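Please keep the sequence and the model open side by side while you read. The points below go region by region.

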Amino acid sequence: MNLESSGVSPDRAPWAIEPLHLPESLDSPDAADFIAANDLSNLTEGLRWGNNDHWVSAENALAGAQSSRYTARQGFIATVDDRVVGRAVVEAPLTDNTGCGYVHVIVHPEYQRRGLGSQLYAVLEDHLRGKDRRIVMAWSDHPADLDADADAGDADAADGLRPASGPGSLRQDDGVARYCLGLGYRLEQIERFSLLQLPLDREVPAPMMEATQSAAGRDYDVVSWQDSCPDDVVDQYGHLCQRMSVDVPMGEMESEAEEWSAARVRTAEARLRGQGGRSLVAVVRDVTTGQLVGNTVLEYFPDRPEVVYQENTLVLHPHRGHRLGMLLKVANLLRLQELCPQARRLYTWNAAENSHMLGINIELGFVARGYVGAWQKKLSARQSS
Ligand SMILES: CC(C)(COP(=O)(O)OP(=O)(O)OC[C@H]1O[C@@H](n2cnc3c(N)ncnc32)[C@H](O)[C@@H]1OP(=O)(O)O)[C@@H](O)C(=O)NCCC(=O)NCCS
């Protein structure tokens with residue numbers, strides 16, 4: 001958007017934008033802005049979804065905001081009279097995808113439609129240009145009341161805003177979509193966001209497990225762990241994580257294979273531990289070769305055990321078609337119910353065109369709750385004057 005036309009020139013804006021300082025701890029005297037920025041994020045998430053399922057504690061957020069040798073993270077805040085009214089975050093991968101950056105902007109509802117979101121975004125884009133990044137990606141969330149909102153998500157509304165590839169659409173008049181389009185982004189893909197109520201009906205899992213095991217045959221078995229991958233399979237597990245970065249449908253999002261060494265697996269585990277999170281991993285092994293050929297991951301936070309997130313699920317190409325995806329998911333869900341009996345809601349995200357994964361999820365009982373727009377912008381070199 002044109003800031004001049006909005007009447008807010010960056011010089012005369014009522015807010016100040018500055019880098020977000022990460023305090024040593026939440027008890028530090030300089031932690032107030034960080035805590036306020038996290039409160040703002042929780043406020044907008046709560047307003048969007050109408051519940052607190054995506055609430056993140058300040059401790060968890062502080063651990064998650066740290067950079068690592070694989071990802072640089074930087075936040076910015078907008079303040080008005082010491083009150084945090086906007087937050088912008090940028091991530092830049094350091095060992096692969098080094099031409100890319102990932103951005104997210106939030107503005108307090110009282111300060112929306114005044115040009116602040118555009119100014120915060122401009123700061124992120126400048127930051128990424130300074131690091132020679134040329135491809136910027138962003139993801140926008142769109143809850144859908146599927147009974148009332150036939151135009152949303154993968155209803156494929158004729159007049160909806162269609163992605164460059166794959167099925168689905170967003171409403172043409174969606175505010176966040178208008179914002180992304182105005183900043184020069186292209187809608188590349190729609191993901192479906194779904195919910196499974198837990199615990200599973202007692203009747204469901206056992207027969208499903210038996211059916212999947214017999215469909216998978218005797219050549220595969222399932223191995224599970226919590227939080228930390230056994231040393232003897234950590235390299236193989238890294239390979240599965242790497243394939244996850246390229247083997248899922250991504251439309252035209254320009255993503256190259258991520259580098260996943262054993263050290264990176266350990267860094268990811270330590271990061272989740274630092275955030276107070278737990279992971280439950282199930283892998284499927286080809287018994288003849290001993291090779292790990294698929295995995296699935298659940299994550300939850302013991303301070304909010306009723307909410308669980310379905311993370312990566314992958315079966316390597318040569319082993320697809322044996323219902324191993326279902327085998328993995330059912331095995332991991334049964335373990336979750338044993339280890340975290342308070343779990344009540346499991347959330348997952350899938351590309352709208354990922355019919356195999358969606359098929360498994362629908363069979364398990366997941367129902368769509370909303371959609372995610374995957375956006376991409378290619379930065380052109382700046383004209384020198
Ligand atoms: C998206 C968001 C950051 C925009 O912040 P903002 O300060 O309102 O943005 P701006 O005032 O700079 O708006 C720029 C343009 O975006 C479009 N836009 C923004 N919000 C809109 C809305 N609700 N309806 C229609 N268009 C909208 C308009 O074209 C607007 O220009 P205009 O006001 O001159 O018509 C804010 O709505 C927000 O925090 N949403 C929740 C978090 C989120 O979804 N972030 C985006 C993740 S990619």
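1. A word on terms comes before anything else. Helices here are DSSP runs of H or I with at least four residues, strands are E runs of at least two, and both are numbered from the N terminus. With that in hand, look for Trp260: it sits in the loop between helix 7 and helix 8. Keep in mind that this is a predicted model.

2. Stay with Trp260. What does Trp260 contact, once its neighbours within four places in sequence are left aside? The partners are Gly238, His239, Cys241, Gln242, Val265 and Ala268. The side chain of Trp260 also makes a polar contact of 2.8 Å with the side chain of Glu258. Ala16 is another matter: its C-alpha atom is 39 Å from that of Trp260, and 244 residues separate the two along the chain.

3. Helix 7 covers residues 234–244 and helix 8 covers residues 262–274. Their axes are 8 Å apart and meet at an angle of about 80°. Angles of 65 to 115 degrees count as roughly perpendicular, so helix 7 and helix 8 are roughly perpendicular to each other.

4. Which residues make this helix contact? Helix 7 brings Val234, Asp235, Tyr237 and Gly238. Helix 8 brings Ala262, Val265 and Arg266. By class, the contact of helix 7 with helix 8 has 4 nonpolar, 1 polar and 2 charged residues.

5. Turn to the ligand. How many residues surround the ligand? There are 18, and the closest are Val105, Val107, Arg113, Gly117 and Ser118. The shell has 8 nonpolar, 6 polar and 4 charged residues. Strand 4 (100–107), helix 4 (116–130) and helix 5 (175–182) each supply at least two residues of it.

6. Check the ligand's oxygen atoms next. For Arg48, an N or O atom of the side chain is 3.0 Å from an oxygen atom of the ligand. For Arg114, a backbone N or O atom is 3.2 Å from a ligand oxygen. On its own the ligand has 920 Å² of accessible area, and the protein covers 80% of that.

7. Helix 5 deserves a look at both ends. Asp174 caps the N-terminal end, with a side-chain oxygen 3.0 Å from the backbone nitrogen of Val176. After helix 5 comes Gly184, which has a positive phi near 100°.

8. Two backbone details remain. Where is Pro199? Look in the loop between strand 6 (186–197) and helix 6 (205–216). A cis peptide bond joins Leu198 to Pro199, with omega about 0°. Asn97 lies in the loop between strand 3 (83–93) and strand 4. Asn97 is not a glycine, yet its phi is positive, about 50°.

Technical notes:
Residues numbered from 1 in each chain as written. Predicted model: local features only at pLDDT ≥ 70, side-chain atom pairs only at ≥ 80, totals over all residues. Heavy atoms only, no water. Near = heavy atom within 4 Å. Polar contact = N/O pair within 3.5 Å; in protein donor to acceptor, adjacent residues only side chain to side chain. Areas by Shrake-Rupley, 256 points an atom, 1.4 Å probe, with all protein chains shown as cover. Nonpolar A, V, L, I, M, F, W, Y, C, P; charged D, E, K, R; others polar. Axes fitted to C-alpha atoms, helices over the stretch in contact; angles between N-to-C directions. Parallel < 35°, antiparallel > 145°, perpendicular 65-115°, else oblique. Contact = heavy atoms within 4.5 Å.
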